[in-house]
Amino acid sequence: MSELIIGLTGGIGSGKTTITNYFLELGIDVIDADVIAREVVAVNSPALTAIADHFGENYIQNDGNLNRGLLRSRIFSNEADKLWLNALLHPLIRVGIIKQTKNSTSPYCILVAPLLIENNLLSLVNRVLITDVSEITQIERTMLRDTSTLTEIKAILASQTSRAERLEVADDVINNDTISQQEIKELVISLDKKYLSLTKMV
Ligand code: ATP
């Protein structure tokens, strides 16, 4: 089990994946909250059955998978449905995260979670690493990376914690606005040294 858990978060298109890839290169275990969130509603899972019982069988596609698009638009327009879904899934995701951090064998591990703050996951980590960028950079990079429209990106930005709120809980910050990928790698290497030295104190 890793002695030290680092929570990594940042808004849409801020560089979380880029940063975690460098930690992976250094042999550090990365636990991805988004992956766990998908696993808890896998084909034939109890949570998927509960969703179909509550919202209807059409929320399961013919291949047995969750119809994510349908569910997303339902909870987007209905607060009570969103609360019901969160009450079902959040405890399961939390248990999945705890299980994976316990199974981690690297000296420390990274929990990457876009909604680390919004979903009250801070209590699961010992330190917080924030990737911080301006909204303009988030929009530019997200539009370059995928087919999201400006309206879609702005809606996601509005639903996420503000930059200032993230910085308030930060122990370490990577300002990813103007630096190159090589510079990110160098920052990750120096953070790795810091985290390894901290594991000796835990
Ligand atoms: P999301 O939460 O939307 O999945 P993310 O936080 O994981 O995003 P990345 O996918 O790592 O962000 O980065 C978004 C895009 O910006 C990617 O195409 C990535 O290659 C690019 N990118 C990240 N950092 C930099 C940088 N310093 N310079 C240029 N491009 C970058």
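**View 1. Helix H3 meets helix H5 in this predicted model.** From H3, the residues that take part are Ala 47, Ala 50, Ile 51, His 54 and Phe 55. On the H5 side they meet Asp 81, Trp 84, Leu 85, Leu 88, Leu 89 and Leu 92. Sorted by class, that contact comes to nine nonpolar residues, one polar and one charged. H3 covers residues 46-55 and H5 covers residues 79-103; the two pack at an angle of about 165°, and their axes are 11 Å apart. An angle over 145 degrees counts as roughly antiparallel, so that is the label for H3 and H5. The crossing of H3 past H5 is right-handed.

**View 2. Ala 37 sits in helix H2.** That helix takes in residues 33-39. Is Ala 37 buried or partly exposed? Its relative accessible area is 26%, so Ala 37 goes down as partly exposed. Look across to Leu 89 as well: along the chain it is 52 residues from Ala 37, yet the two C-alpha atoms are separated by 7.6 Å. Leu 89 is also one of the H5 residues that meet H3 in View 1.

**View 3. Helix H1 packs with helix H9.** Here residues 16-25 (H1) and residues 181-199 (H9) come together at an angle of about 55°, with 9 Å between their axes. That angle is why the pair is described as oblique. The crossing is right-handed. H1 brings Thr 18, Ile 19, Tyr 22, Phe 23 and Glu 25, while H9 brings Gln 181, Ile 184, Lys 185, Val 188, Leu 191 and Tyr 195. By class, this contact splits into seven nonpolar, two polar and two charged residues.

**View 4. Leu 196 belongs to helix H9.** With 27% relative accessibility, Leu 196 counts as partly exposed. Which residues does Leu 196 contact, leaving aside its neighbours within four places in sequence? They are Pro 107 and Tyr 108. Tyr 108 is 88 residues away from Leu 196 in sequence, but C-alpha to C-alpha the pair is 7.2 Å apart.

**View 5. Asn 176 lies in the loop between strand S5 and helix H9.** Strand S5 is residues 172-175. Asn 176 has a relative accessible area of 4%, so it is buried. Setting aside neighbours within four places in sequence, Asn 176 is in contact with Ser 14, Gly 15, Thr 131, Asp 132, Val 133, Arg 141 and Ile 184.

**View 6. Ser 134 is in the loop between strand S4 and helix H6.** S4 spans 127-132 and H6 spans 135-145. The cut-off for buried is under 20%, and Ser 134, at 19% relative accessibility, therefore counts as buried. Its side chain makes a polar contact with the side chain of Thr 137, at 2.9 Å. Beyond its neighbours within four places in sequence, Ser 134 is in contact with Arg 163 and Asp 177.

**View 7. Buried residues of helix H6 pack against helix H7.** Which residues of H6 are buried? They are Thr 137, Gln 138, Ile 139 and Thr 142.

Definitions and conventions:
Residues are numbered from 1 along each chain as its sequence is written. This is a predicted model: local features need pLDDT of at least 70, side-chain atom pairs count only at pLDDT 80 or more; totals for chains, interfaces and linings use all residues. Side-chain values use heavy atoms; hydrogens and water are left out. Helices (H or I, at least four residues) and strands (E, at least two) are DSSP runs, numbered from the N terminus. Buried means under 20% relative accessible area, exposed over 50%, partly exposed in between (1.4 Å probe, protein chains only). A polar contact is a pair of N or O atoms within 3.5 Å; within protein, one must be able to donate a hydrogen and the other to accept it, and residues adjacent in sequence count only if both atoms are side-chain atoms. Contact means heavy atoms within 4.5 Å. Axes are lines fitted to C-alpha atoms, for helices over the stretch in contact, and angles run from 0 to 180 degrees between N-to-C directions. Angles under 35 degrees count as roughly parallel, over 145 as roughly antiparallel, 65 to 115 as roughly perpendicular and the rest as oblique. A crossing is left-handed if the near helix is turned anticlockwise from the far one by less than a right angle, and right-handed if clockwise. Ala, Val, Leu, Ile, Met, Phe, Trp, Tyr, Cys and Pro count as nonpolar, Asp, Glu, Lys and Arg as charged, and the others, Gly among them, as polar.
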